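Morning, everyone. Please look at the sequence and the model first.

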Amino acid sequence: MTDPSPLNPALAATFSPPVMEARRWLAGVTLPPDLPLINVSQAAPVDPPPMALRQAMAEAALHRADAHLYGPVLGNPALRGAVAQEFSASYGGAVSPAQVAITQGCNQAFCAAIATVAQAGDEVILPTPWYFNHKMWLDMQGIRAVPLPCGDDLLPDPERAAALIGPRCRAIVLVTPNNPSGAEYPAELVGRFFDLAQSRGLTLVLDETYRNFDSRDGAPHDLLARPGWDRTVIQLYSFSKAYRLTGHRVGALVTSEARMAQVEKFLDTVAISTSQLGQIGALWGMGNLRDWLAGERAAILARRDATVAALSALPGWRVKSAGAYFAWVEHPFAASSADLARRMVADIGVLALPGTMFVPPDDPTGPRHLRIAFANIDAPRIAELAARLRAFGG
């Protein structure tokens, strides 16, 4: 039956959410008891926050009236201050609370950032493979995503980006550690993109959702220590992965105080304010879970190493990049990953996303790759994943 009501053509033309699409592949599939599903399709933590954090949030829900009310549109002052202090210390710069907004997750932070820099008909450069939600939002807004193909090392090239800048280009987006590839962008490379954006009057949107799981010690870049950084940079962050607060939707956006006036308009229109319990939990986590978070980081890095070792040992398979929650893996088969990923569900009980979900339809790299989100499987399950892929006929 055809819906007669009119639709926004930009929204109608936007592809379906990939993770939800992949989950639909499970419909009608019955796996034998000895072949339980290995789900490496999504990065979200599957465990709840640590008990102490849940208790702090429960106490707030019971005893703080403000935990159930609207808060300031740009976020609670205490959390904005804590983020400013943390980012100043971590990056060796000077970030003020007025340069921080708290958002309903990092996806909303990205949407707010783009709303302040681009309109329908403009262009934004996205390195490929890209994070699909970024591409979806640009499509919905009628903003052209200009693909910047990464090299075999999964790193974007500033010189190639410079050649793509046209008169309607407004921003360059970087995600590091990267989703979907896991690549950690060297500080020198991030700096070159800053210089490019600054020299061409563009905004550099830097999504660091997975910064807590970067394998490097020290600051991953020096942008926040550069004079006038906030005229060029919009930096994004998520509390979801660090403190397992995915369901509470808490993210952050760091940029100039002048731009915050525009961010406030966007946030007030779409959500008014971020969940109070989520913000309370995030603030408590920042103040009390530093050692716990260090342990989480160590566990994720150990899973990364185990995944690289296990998959690299498979004949014909090649791990192109790995970090944070993800591995970008080249498979040895002639068939497209779009077909292979569907067949893997029924044949070997593995749910993974095909590379075709992270690139334009005509990009030849998509069919050759899979994204493996390894953060939620332990060492025995990683070994089992490798064994099943070895048995897979393609």
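Helices here are DSSP runs of H or I with at least four residues, strands are runs of E with at least two, and both are numbered from the N terminus. The model is predicted, so local features need pLDDT of at least 70 and side-chain atom pairs count only at pLDDT 80 or more, while totals for chains, interfaces and linings use all residues. Residues are numbered from 1 along each chain as its sequence is written, and side-chain values use heavy atoms, with hydrogens and water left out.

The helix is α10. I272, which follows α10, has a positive phi, near 70 degrees. The 14 residues of α10, 257-270, should span 20 Å at 1.5 Å a residue, and because the end C-alpha atoms are 20 Å apart, the two agree. That expected span is 1.5 Å times one less than the number of residues.

Buried means under 20% relative accessible area, with a 1.4 Å probe and protein chains only. In α10 the buried residues are R259, M260, V263, F266 and L267. They pack against several elements, including α5 (105-117), α6 (132-140) and β7 (233-238).

Now the cavity, meaning a set of points on a 1 Å grid over the protein atoms alone where a 1.4 Å probe fits but cannot get out; lining residues have an atom within 4 Å of a point. How many cavities of 30 Å³ or more does the search find? The answer is 1. Among the residues lining the largest cavity are W130, H134 and Y185. β5 gives the most to this lining, with 3 residues.

Key:
1 Å grid on protein atoms, 1.4 Å probe; cavity = no way out; pocket = protein on both sides within 12 Å on 5 of 7 lines; lining within 4 Å. Points joined across faces, edges and corners; volume = space filled by probe spheres on them. Buried < 20%, exposed > 50% of the residue type's maximum accessible area, 1.4 Å probe, protein only. Contact = heavy atoms within 4.5 Å.
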